[in-house]
Every structure is written in structure tokens, then in C-alpha cells.
Amino acid sequence: MTTLPIPDLPRALLLELEETAVELARLAGTEIVNALGRALTIRYKTLGEGEASALYRDPVSEVDQRAETLIRERIAERFGPHHGILGEELEDSPAGQDGILWAVDPIDGTTNFVNGFPLFAASIGVLSRGLPVAGAVWCSTTHALRPGVYHAHAGGALNFEGEALLARPNPAVRRRLAGMPYAPMSASQAWDSRKTGSAAIECAFVAAGLLQVAGFVRPNIWDVAAGLVLVSAAGGAIHVRQGDGWAPFGGFGETPARSWRESLVIGDEEASDAYFRVFPDAKA
């Protein structure tokens, strides 16, 4: 079962996009691993000049920028100007006539990374006219207790390191885990909450069956574009906040914009329904 619409794209192209996403995710992963233990140059994003809160804004390391630069160069070499790029660190390039847009996050979980907390990811997603169609997420740790890449394309299976992966949670586990932006105390909460600091990792972990459900408040497109393909390939549900309720996710819009920031819930249907009860007022 898939939860995202199947795009009208040749399967050969979908496979090429997936394979390229895997290559780029591994490239970013290599940059991350090579930087471990080194003193990094770090700056912090600001809201504006003189903002006192700037010290507490999201960090950006030299590895983020170097990896995104390399990724953009590889995409340009392979696909030329026909494919656009939406990335966290550098200027956007719009999708070309083909409507293909790459959503790139070279390090998702940079705060974890710069602090040496070993939960972070590299996320490479591909959109066709706003619909996620291929994705690869390199994770610093995985169900196999080692770094690796989860990947998939629309209509295909979830894969880990080139091999099909079928999530089989232990039926003896009565209380599973949920990735949540915060952990409210609720009698209806049927899970134990976890906050990893990386939306991309939580998407991959939901797809792999390590988390039963996860929710994100105002994620960026590049945080989740690849991960939604993985969740869909694993048969998970994807819901987006619309008005006062939740609706099946249908894409980021015909021409995705950096300003897209809608709340999402991913996971199996039963857990998603329970999540809506715990967070009925979560707003985009």
C-alpha cells in the first residue's frame, strides 16, 4: 500500500532519481563522518541585525554548507538546469520545465551534530510538481545499529542500503514509541514519547518501524520531503493540518515555496488517530 499519489513519470526516471538521491545522501554522510572530532566553524542563524536571540537560533556548520555545495554541483552535472534545488543553506533555483525539484538538507539535526550528540541525518528528496517522488535519508544510526541510507521511490518498496526492508515490530511490545515535538501527559497517550532533534531521522524511523508515529510542527520542506517517500513506501499514513482538522497529504503545492510550513503527522492509521486526540489544537 502507498499513501502518496503515483506520479506520471517513467519508472526508469524514478529509479534514476532514487539512485542519485542515495549517492548524494552517502556523499553528505561521508562529509559528516569525516568532520567528527574536528573543531568546526559554526555560525547561528539570526532573525535580524542586532537580535539578542541570535545566540539561540539554529546553528550552521561549515559541513552543512560544504556538503550542500557538493550536492548542488552533482545535481547540476547530471541534470543541468532542468532540475531545481530547494536547500536549507544556499539560494534556491526554481524547477525547470520538467517540474523536478530537489529538496536538500545536508545535515538535519545540526544542533545534535555540533554538540556531538549522535542523532543526525542527511536528507535528499525529489519532488515532481510538488509531489514527493523519490528520497534517500542517510542516518547516523539505524535499526542495524550502524550508519546507513533508507531510500525509496513512489510506487516502490522501502529499502535500506539497497535491500528491501519490511518493518516487523515485535508484537510483544505493548507500548511503542512516538516522535513528538513535546510530551504532554495524557490518559489517551498510548505510547512513550521521544524527541530526536531530527525530523528526517524520525521519518526514517517511522518507515523502518522503530517509531509508530511522529508529528512535526511547522517543518521545512527539506526536513521531510525525502522521509515522506520512505513512510509512503512502508505503507504509512501521512496527514497535514488543514484549518481545524487533519487531511491526507497531497503534496507541497504545484510550485513548492520555501515558505511552506504545515504541521504533519506520519505513522500507522490507528496511532495517527490517537495523535490527533493528544494534539487536537496543533497549528501549522
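## Sheets and packed helices

Leu 86 has Ala 103, in E4, as its bridge partner. The two strands concerned, E3 and strand E4 (residues 100-108), run parallel and are joined by 5 bridges. Strands pair if DSSP finds at least two bridges between them; strands (E, at least two residues) and helices (H or I, at least four) are DSSP runs, numbered from the N terminus.

The model is predicted: local features need pLDDT of at least 70 and side-chain atom pairs pLDDT 80 or more, while totals for chains, interfaces and linings use all residues. Residues are numbered from 1 along each chain as its sequence is written, and side-chain values use heavy atoms, without hydrogens and water.

E3 and E4 belong to an open, mixed sheet of 7 strands, ordered E3-E4-E5-E6-E7-E8-E9. Strand E3 (83-87) and strand E9 (163-164) each have a single partner strand, so one side of each lacks a neighbour in the sheet.

Angles run from 0 to 180 degrees between N-to-C directions of axes, which are lines fitted to C-alpha atoms, for helices over the stretch in contact.

| Helix | Strands touched | Angle to E6 |
|---|---|---|
| H5 (residues 221-233) | E3, E4, E5, E6, E7 | about 100° |

Another open sheet has 6 strands in mixed pairing, in the order E11-E10-E12-E15-E13-E14. Its edge strands are E11 (191-194) and E14 (245-248), and the twist averages 25° from one strand to the next. Strand E10 (residues 176-179) pairs with E11 in the parallel sense over 4 bridges; Gly 179 has Arg 194 of E11 as its bridge partner.

Notes:
Contact means heavy atoms within 4.5 Å.
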